[in-house]
Every structure is written in C-alpha cells, then in structure tokens.
Amino acid sequence: LPHGALGVVAGPGEGEYWGEGLQLRFGGGESVSCYLGTLSRERPPPLPGGFALDDTVYFSGNSQAFTSGDRLEFGLRGTVVGPTRAAEGLTVLF
C-alpha cells in the first residue's frame, strides 16, 4: 500500500489482527487487515526533507554489498515509497 493511502473500514481484523485491528478496503480491491496502531483518521505528516511519494532519488553514499548478493551502488536511481521507522528517514525502492 502506498504511504497515506485512504481506506474504508470493511470489518474487524481477522486472524492475528482479531481484537487489535480492522479490515480495510483500499481502492476497491480486496480487504486488508491492519493493526489499529498503524491507522489514523488524519492525513500522515509530510515525508522528511520535502520528498514526496514517487520522487526519483539517487544514492549518493558509499557503495555497499549485501549477503544476498545485492549491491547498492553510488548513483543508483530509486523511487521514494514512504517513510522509515527511523527519524528523518525514507524508504526507497532501488
């Protein structure tokens, strides 16, 4: 789901969400269970740094290699997909 997506309550949470969440329908698709702590009646705050969803960004840090074999290379282009749990962070899809 995109950050800040507007959903409609479709019922109580199911499975592990029972008593702690709700079923929501986003954009007319299938319903999804979400924990109450991840929901708000208000729009989410803006993303840090003035970034917006779907902004194109470029990695400007030192290149990194991961145990999976993936690499994050200087100059790699990515897309902003939301905030992180860390203060002032962004989640980027590279």
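Which backbone atom lies 3.4 Å from a polar atom of the side chain of Ser 33? In this predicted model, the backbone nitrogen of Glu 14 takes that place. Ser 33 itself sits in strand E3, which spans residues 31-35. The residue is buried, because its relative accessible area of 15% falls under the 20% cut-off. A second polar contact of the Ser 33 side chain is made with the side chain of Gln 23, at 2.3 Å. Leaving aside residues up to four places away in sequence, Ser 33 touches Gly 13, Glu 14, Tyr 17, Leu 22 and Gln 23.

Aromatic pairs were examined next. The structure holds 2 of them. In one, the ring centres of Tyr 17 and Tyr 35 are 4.4 Å apart. Their planes meet at 45°, so the pair is tilted. Distant parts of the chain are linked here: Tyr 17 belongs to the loop between strand E1 (7-12) and strand E2 (21-26), whereas Tyr 35 lies in strand E3, 18 residues apart. Tyr 17 is partly exposed, at 22% relative accessibility. Tyr 35 is also partly exposed, at 30%.

The other pair joins Phe 59 and Phe 94, with ring centres 6.2 Å apart. The planes stand at 85°, so this pair is edge-to-face. Phe 59 counts as buried, at 16% relative accessibility, whereas Phe 94 is partly exposed, with a relative accessible area of 42%.

How values were computed
Residues are numbered from 1 along each chain as its sequence is written. This is a predicted model: local features need pLDDT of at least 70, side-chain atom pairs count only at pLDDT 80 or more; totals for chains, interfaces and linings use all residues. Side-chain values use heavy atoms; hydrogens and water are left out. Helices (H or I, at least four residues) and strands (E, at least two) are DSSP runs, numbered from the N terminus. Buried means under 20% relative accessible area, exposed over 50%, partly exposed in between (1.4 Å probe, protein chains only). A polar contact is a pair of N or O atoms within 3.5 Å; within protein, one must be able to donate a hydrogen and the other to accept it, and residues adjacent in sequence count only if both atoms are side-chain atoms. Contact means heavy atoms within 4.5 Å. Rings of Phe, Tyr and Trp (its six-membered ring) pair if their centres lie within 6.5 Å; planes under 30 degrees apart count as stacked, over 60 as edge-to-face and the rest as tilted.
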